Amino acid sequence: MNPAPITREHNPLRAPDDLRLPRIAGPCAVVLFGVTGDLARKKLLPAIYDLASRGLLPPGFSLVGFGRRDWNDADFAEYVREAVTAHARTPFGEEVWSELVDGLRFVSGSFDDDAAFDHLADLLAELDEKRGTGGNHAFYLSIPPDAFPDVCRQIQRSGLADGDARGAHPESWRRVVIEKPFGHDLRSAQELNRIVEGVFPADSIFRIDHYLGKETVQNILALRFANEMFEPIWNGNHVDHVQITMAEDMGIGGRAGYYDGIGAARDVIQNHLLQLLALVAMEEPLSFDAEHLRAEKRKVLEATRLAGPVSTAAARGVYAAGWQGGEPVGGYAEEEGVAPDSTTETFAALALAVDTRRWAGVPFYLRTGKRLPKRVTEVAVMFRPAPHHPFGHDATEELGANAVVIRVQPDEGVTLRFGAKVPGTALEVRDVSMDFGYGRSFMQSSPEAYERLILDVLLGDPPLFPRHEEVASSWRILDPVTAAWARSGEPEPYPAGSWGPSSADELLARDGRTWRLP
């Protein structure tokens with residue numbers, strides 16, 4: 001049996017706070033349901049390989065794929081190799097692969113196949129014995145939410161959710177990882193939570209929002225709470241409004257089966273953008289332990305509401321034919337698999353209010369869309385104009401609002417926009433930018449979000465995973481919007497390659513504001 005790896009917490013030669021020693025997962029096995037899907041092939045399997053390449057997985061780590069393919073272990077290993085060769089962040093290395101491949105197993109079966117789950121239970125017991133996985137098992141549900149009940153029932157029926165019945169691993173853990181969407185409204189989210197918590201305790205459920213694993217999202221916390229210069233002005237006395245944008249330049253790309261009927265608001269705003277809002281607007285937590293961080297995020301979400309009726313505080317659109325990257329592209333209705341009578345939105349924007357002392361009177365504008373001019377995700381904190389300018393109008397006519405812009409992707413970093421004098425004999429003030437880029441400052445690429453999140457699951461480290469209460473609060477914000485849209489006909493068309501429908505511009509124009517161009 002392989003010994004447990006030495007981690008920062010257990011290394012007798014280093015102090016517990018020695019950051020030079022990375023945190024390495026202890027003995028464990030991961031069971032990946034939905035292993036043949038796009039997410040697993042493009043993100044999850046490459047992330048696991050990248051963790052192995054960085055030496056962050058334990059000796060004896062095992063990965064079990066579960067699917068309907070008629071594969072043996074060798075077939076599965078070839079599939080994994082192709083996925084990591086094509087999509088891994090780190091270069092493929094035979095030495096890393098030879099260690100990882102020894103722990104690859106495959107179980108063929110469907111979610112209603114009792115025999116397949118019984119075989120899975122026997123296989124995990126065998127891995128515990130032969131590879132030293134210690135009875136520690138993580139079940140990753142990379143599957144549609146409507147399959148959760150069957151899989152959870154089978155996990156419970158076959159004893160996979162229980163501790164080791166023979167007592168060989170009395171301190172072993174079982175964890176379940178759930179991919180979004182966490183339901184399609186508040187009621188379904190509560191039912192989904194009831195099903196999963198009927199099998200796993202709440203602290204063993206890890207809800208993945210991959211945006212929370214991005215370095216630049218976590219940098220919001222560092223920017224706010226490690227720097228004294230920002231805290232005094234991070235409030236409604238100085239901030240005029242906040243814009244949070246997630247723009248994609250591609251269409252639905254063959255995902256009509258998932259996307260049609262879901263739409264941009266449920267797909268992105270309910271999770272990614274409301275989580276970004278919570279991190280921007282939250283109060284300083286007592287610590288960055290999961291309990292304290294989640295408590296502050298939940299307070300913000302419970303204080304957040306639509307800043308008016310749906311007709312004036314929300315906008316939606318659907319991309320029509322247009323031009324993207326110099327090429328003509330079709331509209332959403334022309335995408336394969338889209339229902340002829342679809343009213344699904346591919347663009348959504350909301351104006352939200354956060355009813356706290358810090359943010360009273362400061363609107364938060366959230367928008368997301370497909371077939372927009374560029375791929376970008378950013379948080380722009382826009383400041384109020386100076387109450388008095390001792391300059392003539394001509395000197396400042398090209399001066400805009402001060403801003404702190406946190407770029408989440410693709411050019412990760414932070415930009416400060418402020419006014420500076422233009423060189424010359426005349427007194428002219430113009431916008432300039434001070435820019436921090438991750439790649440330039442740290443000279444290394446950031447890990448993929450799924451690397452961080454999968455490792456946190458294996459470590460049992462939950463700060464970046466939203467609890468059910470946060471999910472429920474997000475649905476309470478969004479449900480009135482989607483319900484009103486369901487009663488009001490079709491979304492407004494916008495040309496592919498544009499920044500969305502005119503109603504989104506009107507959303508800000510009513511307040512005398514405009515969207516910034518990322």
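A: Arginine 371 lies in the loop that runs between strand S13 (363–369) and strand S14 (376–383), where helices (H or I, at least four residues) and strands (E, at least two) are DSSP runs numbered from the N terminus. Before going further, note that this is a predicted model, in which local features need pLDDT of at least 70 and side-chain atom pairs count only at pLDDT 80 or more, while totals for chains, interfaces and linings use all residues. Residues are numbered from 1 along each chain as its sequence is written, and side-chain values use heavy atoms, with hydrogens and water left out.

The backbone of arginine 371 has a phi near 60°, a positive value in a residue other than glycine. With a relative accessibility of 16%, arginine 371 counts as buried, because that class means under 20% relative accessible area, with exposed over 50% and partly exposed in between (1.4 Å probe, protein chains only). Its side chain lies over the face of tyrosine 319, at 5.8 Å from the ring centre; a charge is taken to sit over a ring if NZ of Lys or CZ of Arg is within 6 Å of the ring centre and within 35 degrees of the ring normal. Another such contact is that of arginine 175, whose charged end sits over the ring of tryptophan 173, 3.8 Å from its centre.

Tyrosine 319 leads on to proline 501, for the C-alpha atoms of these two residues are separated by 8.7 Å although they are 182 residues apart along the chain. Proline 501 is placed in the loop between strand S18 (492–495) and helix H16 (502–509), and at 1% relative accessibility it counts as buried. A further loop proline is proline 410, between strand S15 (403–409) and strand S16 (413–421); the peptide bond that joins glutamine 409 to proline 410 is cis, with omega near -5°.

Turning to ring pairs, a search of the whole structure finds 19 aromatic pairs, counted where rings of Phe, Tyr and Trp (its six-membered ring) have centres within 6.5 Å, with planes under 30 degrees apart called stacked, over 60 edge-to-face and the rest tilted. Among them, phenylalanine 33 and phenylalanine 117 are stacked, at 5.8 Å centre to centre and 15° between the planes. This pair links distant parts of the chain, since phenylalanine 33 belongs to strand S1 and phenylalanine 117 to helix H4 (residues 114–130), 84 residues apart. Phenylalanine 33 counts as buried at 0% relative accessibility, and phenylalanine 117 counts as buried at 0% as well. For phenylalanine 76 and phenylalanine 106 the ring centres are 5.5 Å apart and the planes are at 40°, so this pair is tilted. Phenylalanine 76 lies in helix H2 (residues 73–87) and phenylalanine 106 in strand S3 (residues 104–108), so the pair ties together parts that are 30 residues apart in sequence. Both phenylalanine 76 and phenylalanine 106 are buried. Ring pairs also join Phe33, Phe66, Phe111 and Phe117 into a cluster.
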